[in-house]
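The sequence and the model come first, and the notes follow.

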Amino acid sequence: MLPSFINNSNPSSTLSNGIATTATETSCLLPIESKLNDQEAGNGDCHYSNHVHFRDENGGALESTRTISFASSSPRPTLFRQLSQHLQRLYDRHVGKIGTLGSISIAVNSLTGPAMLNLPATFSRSGILPTIFTLIFVCLLSAFCCLHMANTISKVPGNDTFAKEIEYSEAFRFFWGPKWFLATQGLFLCCITCLNISSIVDVSQVVDTFCGHWMQTHALQINGLTAADLKWVQWDYTQCSDEQMHEGLCLPFLKETIESGILITMGNLIASGVILPLALMDLKDNAWWQVVGFVVLLATSLQFVIQFALTPNLSLRNTSWMGTNWDDLFGVVVFNFALVIAIPAWLYEREPHVPVAKVIHVSSVMSTILYVAVGLLGCLAMPNVSENMLESMMSGAFGTSMQLGSSIFALAIIGLGSPLFSVLARLNLTGSGLCSSKQANLLAVFLPHFVSWFLTDGGAVTKLLSWGGIVFTALVAFLLPILLAIHVVRDYKKDGSIAVYSGWFNTARKELMSLYVLLVLTVVAITLAIIGNLTATNGPSDKETIK
């Protein structure tokens with residue numbers, strides 16, 4: 001530490017501790033601020049360069065630079081002190097704790113979200129070949145977008161090993177500035193909220209169906225603002241006919257049995273009670289639950305595939321090879337591949353040895369196989385499949401084991417996916433310092449649950465999936481990462497730490513050309529999805545619920 005100066009006109013003073021100094025002080029100059037830079041020299045000799053700003057007696061600003069040289073007799077830091085400082089730096093350095101299994105679990109659970117429940121109905125409308133082709137095409141596009149996003153984040157100075165917390169919007173602020181940071185914050189939150197609301201609504205529907213088949217489910221119907229406009233309604237499976245049971249249409253609160261209005265059901269309350277505590281965890285703690293969900297996903301998906309394959313009613317008459325309606329095909333499929341939203345937070349929390357490219361490839365391929373197997377076989381096995389396939393599977397037409405498996409699937413897969421979405425949205429808001437934890441929880445956790453309670457139209461959920469997939473997911477998970485990667489490759493001459501193409505395109509020019517190809521394919525996919533939605537003429541079918 002620099003010794004105190006003695007205020008006198010003598011430029012040289014000797015302090016009592018034996019350190020010789022050279023300094024100049026003038027009593028009429030009052031210091032405003034001082035910046036001190038020091039450098040240790042050999043043999044314990046130190047030199048200090050002190051740049052001082054002064055204010056004279058009349059308030060005018062002056063500057064003065066002085067150099068103080070002294071020879072210190074104090075010894076260098078001991079070996080013990082050096083070791084202590086090194087250990088402290090290691091302790092303060094962030095180390096990820098999510099291993100390979102947890103990483104794949106988070107990735108697969110991010111992919112197998114609420115839109116997965118719409119795939120059997122999508123196969124039924126859009127046909128076998130177009131749906132499979134679209135799934136494979138969007139899977140490849142999504143994987144490359146994830147790899148480019150990870151590679152771009154690694155190009156932030158000092159972040160080759162992802163030791164810095166660079167969330168989704170933070171990457172745009174670093175390379176594109178504050179305006180893009182704020183824009184992507186809004187788009188990211190809308191994308192996550194869209195996924196989150198869909199998940200909560202799907203879980204609520206399944207809980208109501210489960211309760212109605214085993215006991216009763218209840219709901220508060222709101223038709224106005226007065227007490228007379230409130231009505232308590234209930235439902236159980238005895239209200240269904242044998243034909244409805246056989247066709248998988250024994251569902252709670254159908255439009256033809258419930259008057260218009262808003263329903264807050266028992267399923268809403270149970271779903272929020274289970275999901276909210278998990279949504280308030282951080283990503284590391286939530287990773288254990290994601291592993292549980294991943295194991296349940298594999299087990300229940302295997303059960304569904306076996307039972308669908310053994311169903312006597314398995315028939316190609318429930319669909320066609322080319323389909324008849326492709327309006328929302330791209331919208332629903334794009335909504336299934338929002339993996340990019342989880343990449344930035346996962347890169348920071350993963351263990352250093354976890355391979356980024358391998359996790360992205362394995363999770364993308366595994367999810368696509370599950371989509372095709374469950375979606376196609378579910379379509380062939382259920383002649384009148386609901387937009388939410390779990391409702392048809394829980395209607396009783398496929399036996400008790402399918403009802404139980406569907407309930408477990410809803411709570412463990414869709415239910416655990418919702419907290420993950422909330423965690424990712426909160427990290428993007430707080431990681432950059434835009435919001436406090438309380439503000440982020442209000443926007444990312446509590447708001448989606450509140451909105452889901454009043455989203456009582458099944459057709460509205462389908463539109464949310466389709467338009468949400470186009471407007472928000474397509475931008476956040478596909479278009480913006482590619483545009484950012486193009487900007488960084490073109491204007492920043494630095495190699496990233498991710499081999500996006502496994503060494504095939506090892507020059508900046510080739511990588512840039514591949515990014516332009518990906519950009520064109522992304523624009524084509526989004527355009528087809530928008531045209532399909534704009535030309536859609538089929539409204540919600542009569543089997544869609546009021547929820």
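## Terms and basis

Buried means under 20% relative accessible area, exposed means over 50%, and partly exposed lies in between (1.4 Å probe, protein chains only). The model is predicted: local features need pLDDT of at least 70, side-chain atom pairs count only at pLDDT 80 or more, and totals for chains, interfaces and linings use all residues. Residues are numbered from 1 along each chain as its sequence is written, and side-chain values use heavy atoms, with hydrogens and water left out.

## Cysteines

C139 has a relative accessibility of 9% and therefore counts as buried. The structure holds 0 disulfides, a disulfide being a pair of cysteine sulfur atoms within 2.5 Å. C139 accordingly takes part in none, and the nearest cysteine sulfur, in C146, is 9.6 Å away.

C190 is partly exposed, because its relative accessibility is 34%. The closest cysteine sulfur to that of C190 belongs to C194, and at 8.8 Å it is too far for a bond.

Helices (H or I, at least four residues) and strands (E, at least two) are DSSP runs, numbered from the N terminus. An open sheet of 3 strands runs in the order β7-β6-β8, with antiparallel pairing. From one strand to the next the twist averages 30°; axes are lines fitted to C-alpha atoms, for helices over the stretch in contact, and angles run from 0 to 180 degrees between N-to-C directions. Strands of a sheet pair through backbone hydrogen bonds, either parallel or antiparallel.

Two strands count as paired if DSSP finds at least two bridges between them. β6 and β7 pair in the antiparallel sense over 6 bridges, while β6 (residues 217-222) and β8 pair in the antiparallel sense over 4 bridges. A219 has V233 as its bridge partner in β7 and T265 as its bridge partner in β8. Q221 stands opposite L263 in β8. In a regular strand the side chains alternate between the two faces of the sheet.

## Helix α14

Helix α14 covers residues 400-430, which is 31 residues. From its first C-alpha to its last it reaches 45 Å, close to the 45 Å expected; the expected span is 1.5 Å times one less than the number of residues.

α14 has a kink of about 25° centred on A410, where the bend at a residue is the angle between axes fitted to the seven residues ending there and the seven starting there. The helix is mostly covered, with 25 of its 31 residues buried.

## Two loop residues

W321 lies in the loop between α9 (283-309) and α10 (329-336). It is exposed because its relative accessible area is 52%. Leaving aside residues up to four places away in sequence, W321 touches G127, I128, L129 and P130, contact meaning heavy atoms within 4.5 Å. W321 and L129 are 192 residues apart along the chain, and their C-alpha atoms are separated by 5.7 Å.

F162 is in the loop between α4 (128-154) and α5 (168-176). Its phi is near 60°, a positive value in a residue other than glycine. Is F162 buried or exposed? F162 is buried, because its relative accessibility is 4%.
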